[in-house]
Amino acid sequence: MTKKWGSLGLSALVSLSLLSSCSQGTKADLLVYNATVYTVNPQFEKAEAFAVADGKILEVGTSETLRKKYKAAQEVDAQGKPVYPGLIDAHAHFYGYATGLREANLVGTISFAEVLQRLQTHRQKHPEVTWLVGRGWDQNDWQVKQFPTKDTLDQLFPDTPVVIERVDGHAYLVNQKALDLSGITAQTKVNGGLVEVKNGQPTGILVDKAGDQVFSMIPAPSAKEMTEALKQAEQNLFAVGITTVVDAGLPKSSVNLLDSLQKKEELRVRVYAMLSPTPENKSHYFKNGPYTTDRLNIRSFKVYGDGALGSRGACLLHPYSDRPNETGFLLETVQEYKDLAAELYEHNFQMNTHAIGDSANRVILQIYGNLLKGKNDRRWRIEHAQVVNPQDVPLFGKYSILPSVQPTHATSDMYWASERLGLDRVKHAYAFKALLQQNNMIPLGSDFPVEHINPLYGFHAAIARQDAKNYPDGGFQMENALTREEALRGTTIWAAYANFEEKQKGSIEPGKMADFVILEQDIMTIKPEAIRDVKVVSTYLNGEKVYGAK
């Protein structure tokens, strides 16, 4: 329960107040007052005001006390509006999202015909590009819920290679031109992937690692193009209150560009970058160790355990209910996961593994446990943890493994998840409350651009277990809904903890970075169905305003 900021407060603040009480007119850069400040400190206390200097929080307290005590270069009257710590997306694809701003947007299409129409429109607007690329389609949203085939793409774009990525990023539809350029035929076999073949011919559907050959052929954007895309993506983040984003899986070249742009102040958003486990990344970072600046934190690797439930690439203990001969698959051998885990453990890097199916989760949890032994502070993570057998849930707590989940996945998948899993097994999916209870915390993210970038959508999905239409009545599997306090902690202090950053950010407390967001309405008190429509008034990073509503 939220506590009102009282006369006792935190002992650290009492000491700070006593030390400075004899000094009137103490200088500050910024003073925010007349606010409803959710500090998200250990007691989850509320305050009215806080002072900022040199990009850090100086003191938190009442408006009357701090306005008397501090002489600030800038004052912000919040007019009673709610203020929260800067929001942290604990799992996203920032670099990929930026790249996607240049591609055809296929999110929300209700038929393959609409996909084709959007592709043709995009092609007309960008006739100069050599590859036609799009992402975001989901056959589960169509009347015909089957994977499409390449036939119409071949007719419409016979001389232009086309690749369109499913919304989950684990299945792709390509045309014949793209197959030819990539050297993929009906005989192509891919470990950790699938080339779909019917009547002896490729359908154009590639699952998981089968898409790597195609993407390796697509020309990379120039540094200038990528810089502009990243700047636009950053503004989109600030507009929804995100001040730190976790980018799940990057090559060294992308990390280097982010670092250079941040150092030149061309990019300001904070990034917790998970590295892809490429030979180049391992060679460099195992030799040089973690790399940290005020804006960039590199101390982890992102590993893919399996694919996605929607494309039936998630690795299950028992067959899919709607395809009795399929169980999905791991993307690497069990021994390869063991060897990589041992390397990361030895070099003191965090291991963060994508695991969707209950078999993938079991395999990765056991590999983690064999190295971690018991309680520890390695903070190794399972990304998504969507379907976890009840027998395996306690392993999260036993080995201090953090489940990093995305609440909107539950409300996006709930329409068809029971078809994949059956009525009994689906009860063990998206079990956020059960997972939270293992370590008394659960970091929350969105997985954008798989889901929408707005973290309030995830907040709403976490507490109401409903989608944008407030469906279903009463919520989806409400036994695993989170409270509002848990949801706010999940996208602030718990997300910071999962990044080893809880001492620098995630709450509004003295000494921490002055990253915060002001909303027009209080998401902790308004009706759940109103949360998705709440707008950001302003976003601050280091006490500097980086976004303001027009």
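Tyr430 counts as buried because its relative accessibility is 1%, where buried means under 20% relative accessible area, exposed means over 50% and partly exposed lies in between, with a 1.4 Å probe and protein chains only. Tyr430 is not a glycine, yet its phi is positive, about 55°. The residue belongs to the loop between α15 (417-425) and α16; helices (H or I, at least four residues) and strands (E, at least two) are DSSP runs numbered from the N terminus. Most residues other than glycine have a negative phi, and most peptide bonds are trans.

The model is predicted: local features need pLDDT of at least 70 and side-chain atom pairs count only at pLDDT 80 or more, while totals for chains, interfaces and linings use all residues. Residues are numbered from 1 along each chain as its sequence is written, and side-chain values use heavy atoms, with hydrogens and water left out.

Val40 also has a positive phi of about 55° without being a glycine. Its place is the loop between β3 (36-38) and β4 (45-47). Val40 counts as buried because its relative accessibility is 2%.

Now the chain as a whole. Its secondary structure comprises 19 helices and 25 strands. The radius of gyration is 24 Å, which agrees with the value near 24 Å that a compact globule of 550 residues would have; this radius is taken over C-alpha atoms, and the globule rule is 2.2 Å times the number of residues to the power 0.38. Along the principal axes, the C-alpha trace spans about 85 × 55 × 55 Å. Buried residues make up 60% of the 550 in the chain.

How far apart are the mean positions of the positive and negative charges of the chain? The separation is 3 Å, for 60 positive and 63 negative charges. Lys and Arg count as positive, Asp and Glu as negative, and His and the chain ends are not counted. Each charge is placed at NZ of Lys, CZ of Arg, CG of Asp or CD of Glu.

Thr243, in strand β16 (residues 242-250), gives an example. Thr243 counts as buried because its relative accessibility is 1%. Apart from neighbours within four places in sequence, its contacts are Gly86, Leu87, Val269, Arg270, Asp515, Thr539, Tyr540 and Leu541.

Strand β16 is also among the elements against which the buried residues of α17 pack, together with β9 (87-92), α14 (407-413), α18 (484-490) and β23 (516-519). Helix α17 (residues 455-464) is mostly covered, with 9 of its 10 residues buried. Those buried in α17 include Phe459, His460 and Ile463.

Cis peptide bonds occur in the loops on either side of this helix. Phe448 and Pro449 are joined by one with omega near 10°, and Pro449 lies in the loop between α16 (432-439) and α17. Another joins Tyr471 to Pro472, with omega about -5°; Pro472 is in the loop between α17 and α18.

Helix α9 (residues 252-263) has 12 residues and reaches 16 Å from its first C-alpha to its last, close to the expected 16 Å. The expected span is 1.5 Å times one less than the number of residues. Buried residues in α9 include Lys252, Val255, Leu258 and Asp259. After α9 comes Glu265, whose phi is positive, near 60°.

Tyr497 lies in α19 (residues 493-498) and has a relative accessible area of 22%. Beyond its neighbours within four places in sequence, Tyr497 touches Asp377, Arg379, Leu402, Met441 and Glu502. Its C-alpha is separated by 10.0 Å from that of Ala90, 407 residues apart along the chain. Thr65, in helix α2 (residues 63-69), has a relative accessible area of 41%. Thr65 and Ala47 are 18 residues apart in sequence, and their C-alpha atoms are 11 Å apart in space.

Methods. Contact means heavy atoms within 4.5 Å.
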